[in-house]
Each structure stands twice: as structure tokens, then as C-alpha cells.
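Work through the exercises below with the sequence and the 3D structure at hand. Try each task before reading its solution.

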Amino acid sequence: MTNSINELEDTHAILVIGSNTTEQHPIIGEKILSAVRKGAKLVVIDPRSIHLSDFADVYLRPRPGTEVAYLNGLAQVIISESLQDRDFIETRTEGFEELKKLLADYTPEKVQEISGIPADELVRAARIYAEAERASIVYCMGITQHSTGTDNVLSLANLALLTGNIGKPGTGVNPLRGQNNVQGACDMGGLPNVFTAYRKVDDEAVAADFESVWGVDNLSRKPGLTVTEMIEKAAEGELRALFIMGENPMLSDPDINHVSKALQKLNFLVVADIMENETMQYADVILPAASFAEKEGTITNTERRVQRIRRAIEPVGESKPDWEIICAIAAEIGAKGFDFNSPLEVFEEIRRVTASYAGITYERLGARGLQWPCPQEDHPGTPILHEKVFPIGKGKFTACEFREPAETTDEEYPLILTTGRLLFHYHTGTMTRNSPSLTKEIDKAFIEVNPIDAKALAISEGDMVRVASRRGSLEVEAKVTERVGKGVVFMPFHFAEAAANVLTNTAYDPVSKIPELKVCAVSISSLAV
Amino acid sequence: MSEKDLSYELIPSTCAYCGTGCGVLLEVMDGRLSGVLPQKDHPVSKGALCLKGWSSHEFVYSPRRLDKPMIRKDGVPVECEWEEALKVVAEGLQKARNEHGPDAVGFFTSARCTNEENYLLQKFARAVIGTNNVDHCARL
């Protein structure tokens with residue numbers, strides 16, 4: 001997030017897009033509802049109507065995969081009605097003229113043709129966002145999990161730059177991170193192209209810097225492979241060994257049948273996890289890991305707040321914290337630089353190589369944590385980014401043309417499947433499906449089908465249906481509901497016994513490499529007799 | 001407190017679920033995690049927790065928890081001692097690297113692990129194995 005969570009409560013307009021906030025980030029969802037109770041305007045854009053859309057001043061239901069078109073449409077309305085912030089554009093941005101030129105084609109009428117959003121509703125949404133004194137954009141995977149994910153985010157940034165809604169309280173472009181430490185895993189260099197603090201592995205000076213701190217002389221300058229690419233290379237026989245710490249690609253990754261073939265082709269697979277999971281069936285070695293309650297360390301939330309987790313109980317059984325496991329493997333190999341006695345000692349090394357964390361100490365974290373960047377020990381942390389200047393100087397408008405999703409519907413696969421999550425479950429369910437209070441609420445998969453489609457396909461509420469895509473098929477119970485629009489079906493991906501990712505497409509965004517989990521073409525047929 | 005009493009402690013920590021980072025108090029009764037409470041003074045959650053947060057102690061003692069290392073022998077995972085498991089892991093990773101080059105080895109680090117653990121695994125991949133094949137499920 002460029003801004004902080006609490007600011008949402010005191011802003012004047014919120015644009016929620018591709019985030020089912022009350023289910024996936026319930027405490028943030030509550031803050032959005034609190035803002036609405038205080039009079040803030042709410043715009044919700046989502047192919048599936050969600051709890052928040054019931055409270056929205058405007059709810060727009062686009063065809064999945066048309067984000068760039070309708071975001072360009074919003075920007076076009078802002079400019080054609082002269083609602084942009086001229087001072088901000090003049091002093092803090094560049095590229096406005098090119099953007100303006102591209103946007104001319106994205107009239108509300110044209111956008112309606114592409115996305116199905118009624119032209120007058122689009123105009124209302126644009127006015128709410130642009131006319132508010134302060135407005136915040138909140139987004140999630142509904143924006144990023146597309147083959148145009150990068151363009152989607154850039155188009156959102158255009159809206160914030162156009163209206164000067166950045167660098168001030170209650171504004172910003174605010175992605176919500178789905179897991180407790182997605183932010184930190186990225187900050188720490190758990191990415192193929194960067195070390196900690198997003199310093200590039202192919203930058204000679206950066207690599208040399210890490211070589212000197214780590215006491216090695218052979219760091220690779222070649223960016224590595226993403227999760228999806230590693231699966232591809234494993235299937236091709238080029239990747240031979242894989243070490244998986246706390247992940248379950250056999251449920252979370254697109255095209256599970258393909259993932260399964262790839263993992264079986266590996267010479268050597270190690271899985272470290274707290275719980276039995278679907279990926280372990282192919283593991284050569286399984287290592288029992290300690291849970292969050294059994295270890296010390298820090299995690300970083302979606303507003304960049306670094307916080308402590310603390311050991312409350314002894315590790316269950318013979319499990320060990322992952323940091324101990326990694327150090328023990330390094331010791332077994334005889335590698336230097338892993339003789340840490342505690343996470344505190346590891347954190348001290350992190351501070352030395354990570355400027356944004358340099359001013360953070362375990363002691364300073366206390367009960368409130370600290371938001372990075374925090375470069376020195378007397379720095380108070382940074383709740384709002386880009387207050388006076390952007391890291392690249394001026395904020396850059398990027399004009400993006402609309403492109404169709406990688407897979408479109410046809411006669412054989414006439415419906416669009418979009419996937420997501422439920423309030424009571426989390427990712428691949430290794431934690432929530434082992435929590436009785438949550439499984440009591442819901443413990444099985446379903447597919448949501450619009451009543452018009454259900455009628456045409458002779459599907460009734462509760463029927464078992466077969467769902468097929470170009471990659472696989474499964475059987476699941478149908479829910480007939482207007483939560484999804486005509487032509488669109490929705491499935492949660494938590495449930496291994498009807499795993500939505502058997503169906504999904506591995507096509508990914510060329511820059512972010514995020515797979516298009518939110519759009520693929522499927523067919524449905526009733527199995528009821 | 002006499003020996004007959006149950007010990008009871010509240011350990012402040014951060015929720016294990018989504019990226020909001022709500023403050024939790026882990027209830028520990030006689031050495032066992034017995035519940036989770038919200039932290040009233042937490043800067044973000046201010047005494048609130050969602051259902052997942054309130055029940056986040058429940059999976060900790062699940063019968064599906066892994067409690068012993070296992071090595072696959074004749075196609076079946078067999079429990080073993082840590083010493084043996086670590087040796088097999090070290091040998092397996094080194095063998096793949098020595099025979100097929102460092103980029104034949106990959107690492108999935110985790111959005112559910114700590115900063116320290118993510119740091120260590122990417123350092124291990126880069127400095128020990130020599131590959132930048134490090135990623136996690138941020139994209140999924």
C-alpha cells in the first residue's frame with residue numbers, strides 16, 4: 001500500500017476493485033464500511049457482487065478481463081469533464097499528453113461495448129472518485145491475476161495521478177496483500193530478480209555488495225525463474241531439484257494436472273511444511289516445520305508494517321522452525337554464513353543489507369511495529385509513500401491499450417470461470433480446513449452459476465455438475481445465484497477434492513509473470529438424473 | 001501459584017492469516033496453546049479479529065500436523081531422524097547442482113514464513129547453490 005490501513009476510515013471516497021475485502025481482509029473491510037457510515041462514497045467494481053457492493057453508491061459489474069478498458073474509460077471521463085488535478089499533473093507527473101491522446105477512444109459508450117458496464121454508471125463512478133477531496137483506491141488479485149495485470153495496475157495509477165490522489169492521507173493506490181507475509185517475502189528478496197529491498201541481481205554493483213557481505217565471490221547475475229516458470233522447466237526436464245518451504249503448488253497453481261506432471265519429473269523434491277498437503281505425494285524428503293505460535297521472527301503487513309511474531313509454545317512433535325532447518329542444511333553442506341543462533345541475529349544481518357529496514361530493531365518494534373522505509377534508528381517509519389517526490393522523480397502516466405484475456409469463450413467452452421476465496425478459508429486450506437470452527441461453516445467446493453445460464457443448461461440449485469476447460473475437468477455442486485452475471489461462473493480454489501486450479505490457465509502477464517487465474521473458458525453440464 | 005494450578009500466559013504476536021497483520025494474544029494454558037484473543041491497543045486491528053484470527057490456534061494441534069521428518073524409500077514416505085533427513089537433503093541439492101548446474105535447482109520460499117526465514121532461504125539459494133531461482137506464491 002502507498003498509504004496506511006487506518007486512513008481508509010477517514011477518506012471521502014473509496015474505489016474497491018477486484019478485492020472482496022470483507023471476506024479476504026475482514027478488518028480492512030470493516031474500516032471501509034466504517035468510512036461509508038461516516039459519509040464516504042463507495043464505488044465497487046467486481047464481476048461478482050460482494051458484500052461491499054450492497055453498500056456501494058455505484059456497483060459496476062464488468063466482464064472479467066476488461067479492466068484496462070473500463071479504467072481507461074474512467075480516466076477518459078475525468079479528462080473530458082475537466083475533473084483532473086491540473087496543478088498535480090503539472091508539477092509531479094509526466095506523460096499526460098500521450099495518455100490523453102490514447103484515452104480519446106475510450107468513451108463510456110465504447111467501454112460499455114467492451115465491458116458491459118452501462119455508460120452512465122461509469123460516468124457516475126468517475127465523478128465520485130475525481131470529485132472527492134481525498135479518494136483511495138483499494139485493489140487485490142482481481143486486478144493482478146490477469147495476463148494484462150501490469151497494465152491494469154498502471155491504469156489504476158493513472159487515475160490516482162490524474163486526480164492527485166497520492167502522497168496525502170486518505171489517498172493512494174493500495175494493493176491488499178493476501179498472506180501474512182507476502183510483503184516481507186518480497187522485501188527479503190524471495191523473488192528471482194532481486195535481493196532484499198528490490199535491489200536487482202543483474203546490477204553489478206549490487207551483486208558485488210552482497211558478495212562482500214556474504215563472503216562469497218560467485219553470485220549469479222542472471223535473474224532466475226518465477227514459480228510458474230520453474231514448473232514449466234521442471235516439466236521440460238531442465239529443473240532437476242526443487243526445495244519448497246511452506247507452499248502447496250498442487251492446489252494453488254494454475255493447471256494442476258500440468259503441475260503434477262512437472263513435480264513427478266523432478267529428480268529430487270523437498271517439502272517443508274507444518275501440515276500434510278497435496279504436494280507431498282511427490283516429495284523425496286518431507287520436513288516438519290514449526291507453526292507461527294512456535295517460533296520467533298518478524299512479518300510485514302500490507303501497509304509495510306514490520307511486526308513481531310513470538311514463540312508461545314514449544315514446537316509440536318519434532319518440528320523445527322524453518323530458519324533452523326535452513327541453517328542446519330547449510331551446516332550439513334559446510335556452507336559459511338549460516339551460523340545463526342536466533343532470528344534476532346538473522347534480522348541484524350538483514351538490517352545491514354536492506355536500507356529500508358536499517359533503522360528497525362526488535363526492540364523498537366515493541367507492540368506497534370514500524371512501517372518501512374525506516375532508514376535510521378531515530379526514523380519514525382513511513383505511513384505514507386511518495387509525499388513529496390516519487391522514487392523515479394516524476395510520476396509517469398502510462399497509456400495502455402485494452403487487450404482481450406489470453407483465453408476467450410467459444411462454442412465448446414462458452415462460459416468464463418473466475419476463481420477466488422471465501423471468508424472461512426485461506427489459500428490451500430492447510431490451516432483453515434484443519435480448524436473445526438471454520439470447517440463447520442463450510443467445508444466443500446461449489447460453483448456459482450447465474451439463473452439465466454442455469455435455466456439454459458437445465459441446472460438446479462444443489463445439482464452436481466461437470467465443469468471442463470481445455471486443461472482438465474472436475475465435478476462440483478452448483479449454486480444458482482445472481483452474485484455472478486450471465487456468462488460468468490465462480491469457484492473458490494481452496495478445496496482439493498474439486499480443485500478449481502485443475503481448470504485455470506497458465507497464461508501470464510509478460511512483466512509481473514502473474515498467471516491469469518481470474519479468467520478462463522469452461523463448459524458446464526448437469527450430472528443430475 | 002501452587003503446583004495444582006494451571007499456568008496461564010498471554011503472548012503478544014501477529015495473526016497468521018491475511019496481510020492485514022492484526023495483533024493477537026496467544027493464550028497458553030499449561031504449555032498448550034488454548035486460544036487466541038485480540039489486542040485492544042494494536043494500531044491496526046484495535047481489538048478486532050475476524051473468525052479466522054479468533055480460531056487460528058485450532059490447526060496447531062491438528063492430527064495432520066507433521067511431527068517427524070520422512071524420507072521416501074521404495075516409493076513410500078518413511079519416518080526418520082532429522083540427522084538422516086538433513087543429510088539426504090544436502091546430498092540431493094548438491095548432486096543436482098554438480099551434475100546439472102546451479103540453475104537446475106529451484107527454491108519456493110513462503111509468504112507464510114517470517115522475514116528471517118525468507119532472507120535465509122534466498123541467501124542459501126544464491127550464496128550456497130548459486131542460483132536466482134527463488135520465488136514464492138505472491139502471484140497466486
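Predicted model: local features only at pLDDT ≥ 70, side-chain atom pairs only at ≥ 80, totals over all residues.

Residues are numbered from 1 along each chain as its sequence is written, and chains are lettered from A and ligands numbered from 1 in the order in which they are written.

**Exercise 1. Overall form**

Task: Decide how compact chain A is for its length.

Solution. 
Step 1. Chain A has 19 helices and 19 strands; helices (H or I, at least four residues) and strands (E, at least two) are DSSP runs, numbered from the N terminus.
Step 2. The radius of gyration of chain A is 24 Å, and the globule rule gives 24 Å for 529 residues, so chain A is as compact as a globular protein of that length. The radius is taken over C-alpha atoms, and the rule is 2.2 Å times the number of residues to the power 0.38.
Step 3. Along the principal axes, the C-alpha atoms of chain A fill a box of roughly 65 × 65 × 40 Å.
Step 4. Of the 529 residues in chain A, 56% are buried. A residue is buried if 20 or more other C-beta atoms lie within 10 Å of its own, exposed if 12 or fewer, and partly exposed in between, with C-beta atoms placed from the backbone.

**Exercise 2. Domains 2 and 3**

Task: Describe the side of domain 2 of chain A that touches domain 3 of chain A.

Solution. 
Step 1. Chain A is assigned domain 1 (5-176), domain 2 (182-371) and domain 3 (415-526); such bounds come from an automatic or database domain assignment.
Step 2. Between the C-alpha centres of domain 2 and domain 3 of chain A there are 30 Å.
Step 3. Domain 2 of chain A brings 15 residues to the contact and domain 3 of chain A brings 17 residues. Two residues are in contact if their C-beta atoms, placed from the backbone, lie within 7 Å.
Step 4. On the domain 2 side, H12 (227-235), H13 (249-252) and H14 (256-265) of chain A each supply at least two residues. H14(A) gives the most, with three residues.
Step 5. By class, this side has four nonpolar, seven polar and four charged residues. Here Ala, Val, Leu, Ile, Met, Phe, Trp, Tyr, Cys and Pro count as nonpolar, Asp, Glu, Lys and Arg as charged, and the others, Gly among them, as polar.

**Exercise 3. Helix H12**

Task: Find what covers the buried residues of H12(A).

Solution. 
Step 1. The buried residues of H12(A) are Val227(A), Thr228(A), Met230(A), Ile231(A), Lys233(A) and Ala234(A).
Step 2. Their cover includes strand E7 (241-245), H13 and H14 of chain A, and also strand E6 (105-108) and strand E7 (134-135) of chain B.
Step 3. Just after H12(A), Gly237(A) has a positive phi of about 85°.

**Exercise 4. One residue**

Task: Is Asp187(A) buried or exposed?

Solution. 
Step 1. Asp187(A) is located in helix H10 (residues 182-187) of chain A.
Step 2. Within 10 Å there are 25 other C-beta atoms, so Asp187(A) is buried.
Step 3. Leaving out residues up to four places away in sequence, Asp187(A) touches Thr196(A), Ala197(A), Thr300(A) and Asn115(B).
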